[in-house]
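Hi,

Here is the structure I promised to pass on. Have a look at it first, and then read my notes below.

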Amino acid sequence: MDVEAAKLLAAGLAIGIGAIGPGIGEGIVAGKALEAMGRNPSIKDELFTRMIIGMAITESTSIYALVITFLILFAF
Amino acid sequence: MAAQIEISLKPETLFDVAGFSVTNSMLWTSLIAIILMVVFVFTARRLKEVPGRLQLFIETFVVGAWDFVHGIFKDEKLTARAFPMFATLALFFLCANLFSFIPGLGVITVSDAPLYRSPATNYSLIFVLTFANFIIWQLIAIVSGGFFGYAGKFFNFSGGNIMERCLNFALGLLDIIGEIAKIVSLSFRLFGNIFAGEVISAVMLSIAPLFIPIPFWMLGLLSSVIQAFVFPILIVIFFQMAIITKEKTTETAS
């Protein structure tokens with residue numbers, strides 16, 4: 001396998017595998033937040049900001065995978 | 001096999017002004033900013049008791065944004081300080097991202113470079129905005145907590161016994177990495193979403209020009225609007241978190 005092919009493969013694998021965990025995690029965050037909003041609609045706004053923080057932290061690992069993908073594709 | 005598509009992380013240079021290269025995304029950044037300023041100043045000059053369409057639209061946006069920021073801070077004075085940053089960033093990125101969906105803009109080329117490139121796909125712009133806000137929330141922490149309160153967050157020697165002290169110190173050092181990681185994740189969240197949306201629609205367009213790209217455009221439209229709000233929302237939340245950590249330390253101190 002030459003270097004160019006290995007780079008393409010690595011970039012695909014990096015973001016592909018890296019997006020699995022955050023995908024599951026964000027689904028759980030959104031689902032649980034909606035569940036809580038349904039139970040107690042009066043604290044909807046407060047829950048929404050908390051949900052955004054939780055999603056941001058969950059999402060960050062997939063963003064690091066994206067950064068690695070960009071580095072593999074364009075920097076090396 | 002589909003035709004070769006040009007994907008570049010860097011925006012293309014359109015022309016040089018005295019050794020300073022003007023890129024396509026920079027041109028549109030300035031243009032959208034000027035359009036927004038003109039529209040807002042124009043509307044603010046002639047406010048009417050019974051609002052017209054434009055004024056009604058702007059009032060809805062401003063009041064909604066104010067209520068949202070107020071919901072985060074729950075304090076009039078802090079809201080008044082954080083609101084301009086939130087509203088400006090949200091409005092700018094909303095307009096900038098939606099500009100990509102004007103048909104025909106991407107076709108125009110000037111000296112082999114496309115004339116249009118969405119401002120959010122220029123990493124320099126996003127990085128500068130993120131870094132400026134990073135400095136602001138560090139300053140918020142310093143001003144509200146005092147210099148020693150701020151440094152104590154990262155070099156924490158408190159604790160009951162030696163194990164607790166070691167743990168607190170290690171966690172404080174991890175906070176430094178966490179602060180730096182915030183810059184990377186915050187800036188690449190917006191950049192990655194918008195850039196990926198543009199690339200995926202370009203790829204789909206080159207594979208099958210009819211009907212197939214439509215669902216991907218819908219997804220791109222959705223993420224354009226959502227990410228335009230997520231970026232300023234997170235910035236405002238980081239501002240608020242910077243204050244709250246300080247209040248906790250004063251509570252334990254007093």
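Which residue of chain B forms a salt bridge with Glu59(A), and how far apart are the closest N and O atoms? The partner is Arg189(B), with the closest N and O atoms 2.5 Å apart. Bear in mind that this is a predicted model, so that distance is computed from the prediction. The count of salt bridges between chain B and chain A is one. As for polar contacts, two residue pairs turn up across the interface of chain B and chain A, both at pLDDT 80 or more.

H5(B) has the largest share, with eight residues. Sorted by class, that side of chain B has 13 nonpolar residues, two polar and one charged.

Now the overall contact: 16 residues of chain B meet 13 residues of chain A. Together the two chains bury about 1,300 Å², and 84% of that is on carbon and sulfur atoms. Arg189(B) shows up again here: with Leu9(B) and Phe188(B), it supplies 34% of the area chain B buries against chain A, more than any other three residues.

One last thing, about chain A. UniProt (an unreviewed entry) has a "transmembrane region" at residues 51–75 of chain A. In the model that span is 100% helix and 0% strand, and its end C-alpha atoms lie 34 Å apart.

Cheers

Technical notes: Residues are numbered from 1 along each chain as its sequence is written. Chains are lettered from A and ligands numbered from 1 in the order in which they are written. This is a predicted model: local features need pLDDT of at least 70, side-chain atom pairs count only at pLDDT 80 or more; totals for chains, interfaces and linings use all residues. Side-chain values use heavy atoms; hydrogens and water are left out. Contact means heavy atoms within 4.5 Å. Buried area is the accessible area (1.4 Å probe) that two parts lose on being put together, summed over both. A salt bridge is a side-chain nitrogen of Lys or Arg within 4 Å of a carboxyl oxygen of Asp or Glu. A polar contact is a pair of N or O atoms within 3.5 Å; within protein, one must be able to donate a hydrogen and the other to accept it, and residues adjacent in sequence count only if both atoms are side-chain atoms. Helices (H or I, at least four residues) and strands (E, at least two) are DSSP runs, numbered from the N terminus. Ala, Val, Leu, Ile, Met, Phe, Trp, Tyr, Cys and Pro count as nonpolar, Asp, Glu, Lys and Arg as charged, and the others, Gly among them, as polar. UniProt positions are given in the numbering used here, feature names are shortened, and annotations may be inferred rather than shown by experiment.
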